[in-house]
Amino acid sequence: HKEYRRQRQMCIRDSIVAAFKTEYPDVMVSIHSGNASAVHNWISSGFCDTGLAMLSGDSPGIQVEPVLTMNCVAVLPKGHRLTKLKKLKPADFAGEPFIAFPSATPLREKIDAVFKAAKVERQTVAEAGLGSSVCALVGAGLGVALINPLAAREEYEANGVEVRPFSPAVPVTVCLLYTSPSPRDS
């Protein structure tokens, strides 16, 4: 399943790139993957002209155009006791081993603030910067996590995780990042 899904995603990406190149044949296209911080650095340094990233905070020094806003979801190992619940809240995570995003990242700060407001202590056992890495750790049974729903949807089959809604909302936004002028103005 994982190999089929990877090939399908590559075909979709390649068809989008092919359509773009047909309309803009003189534009060089190069695809790079990384976390939001890496994409921001690539844009601000001029390494890339445009990028897509999941943002949950400010992005100083570059133009940001929101595309889609979603709320984080809980990811759990298959068969975990919390999978019996339809929707999770901070209190459900009390004392649970937790896979977190790296310290001092905007999404980590948002998630930590939600648990602090609810006066719920989690046991952070690992950190990872990409949703796919978080899901792999959760799927291996190391803990539970909150991540963006796109990453959760892509990873749940491959990494043996289950996904549940989480409240209160922890919003993240997929954004187009670029330096001025807008790539649409060119």
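Q: What makes β8 a mostly covered strand in this predicted model?
A: Seven of the eight residues of β8 are buried. Buried means under 20% relative accessible area. Strand β8 spans residues 171-178.

Q: How do you know that β2 and β8 are paired?
A: Pairing needs at least two bridges between the strands. Eight bridges join β2, residues 63-71, to β8. They therefore count as a pair. The two strands run antiparallel. Leu-68 of the pairing stands opposite Val-174 in β8.

Q: How do you know that β3 and β6 pair, and in which sense?
A: Three bridges link strand β3 (residues 73-77) with β6. At least two are needed, so the strands pair. The sense is antiparallel. Val-73 stands opposite Ile-147 in β6.

Q: What makes β6 and β7 the edge strands of the open sheet?
A: The sheet has three strands, in the order β6-β3-β7, with antiparallel pairing. β6 (145-147) and β7 each pair on one side only, and that makes them edge strands. Neighbouring strands of this sheet are turned by 35° against each other on average, direction ignored.

Q: What does α4 touch when it packs on this sheet?
A: Helix α4 touches β3, β6 and β7. Contact here means heavy atoms within 4.5 Å. The direction of α4 makes about 155° with that of β6.

Q: Why are the buried residues of α4 said to line one face of the helix?
A: In α4, residues 131-139, the buried residues are Gly-131, Val-134, Cys-135 and Val-138. Seen down the helix axis, they fall within an arc of 95°, so they line one face of α4.

Q: What follows α4?
A: Gly-141 follows the helix. Its phi is positive, near 90°.

Q: How do you know that the length of α3 agrees with its number of residues?
A: The helix has twelve residues. At 1.5 Å a residue, they should span 16 Å. The end C-alpha atoms of α3 are 16 Å apart, so the two values agree.

Q: Why are the buried residues of α3 placed on the same side of the helix?
A: Leu-107, Arg-108, Ile-111, Val-114 and Phe-115 are buried in α3. They cover an arc of only 125° around the axis, so they sit on the same side of α3. These buried residues pack against β4, β5, β6 and β8. The face turned away from them carries the exposed residues Lys-116 and Ala-117.

Q: Why is Lys-119 called exposed?
A: Exposed means over 50% relative accessible area. Lys-119 reaches 77%, so it counts as exposed.

Q: What sets Ala-104 apart in its backbone, and where is it found?
A: Ala-104 has a positive phi of about 70° although it is not a glycine. It is found in the loop between β4 (97-100) and α3 (106-117).

Q: Why is Ala-104 called exposed?
A: Its relative accessible area is 65%. The cut-off is over 50%, so Ala-104 is exposed.

Q: What makes the peptide bond from Ser-167 to Pro-168 stand out?
A: Most peptide bonds are trans. The bond from Ser-167 to Pro-168 is cis, with omega near 15°. Pro-168 is found in the loop between β7 (161-165) and β8.

Q: Which residues does Ala-126 contact, leaving aside its neighbours within four places in sequence?
A: Ala-126 lies in strand β5. Its contacts are Phe-98, Ile-99, Ala-100 and Leu-137. Val-138 is twelve residues from Ala-126 in sequence, and the C-alpha atoms of the two are 9.9 Å apart.

Q: How many helices and strands does the protein have, and in what order do they run?
A: It has five helices and eight strands. From the N terminus, the elements run α-α-β-β-β-β-α-β-α-β-α-β-β.

Q: What share of contacts joins residues at least 24 apart in sequence?
A: The share is 73%, among contacts between residues at least 6 apart.

Notes:
Residues are numbered from 1 along each chain as its sequence is written. This is a predicted model: local features need pLDDT of at least 70, side-chain atom pairs count only at pLDDT 80 or more; totals for chains, interfaces and linings use all residues. Side-chain values use heavy atoms; hydrogens and water are left out. Buried means under 20% relative accessible area, exposed over 50%, partly exposed in between (1.4 Å probe, protein chains only). Helices (H or I, at least four residues) and strands (E, at least two) are DSSP runs, numbered from the N terminus. The arc is that of the directions from the helix axis to the C-beta atoms. Axes are lines fitted to C-alpha atoms, for helices over the stretch in contact, and angles run from 0 to 180 degrees between N-to-C directions. The expected span of a helix is 1.5 Å times one less than its number of residues.
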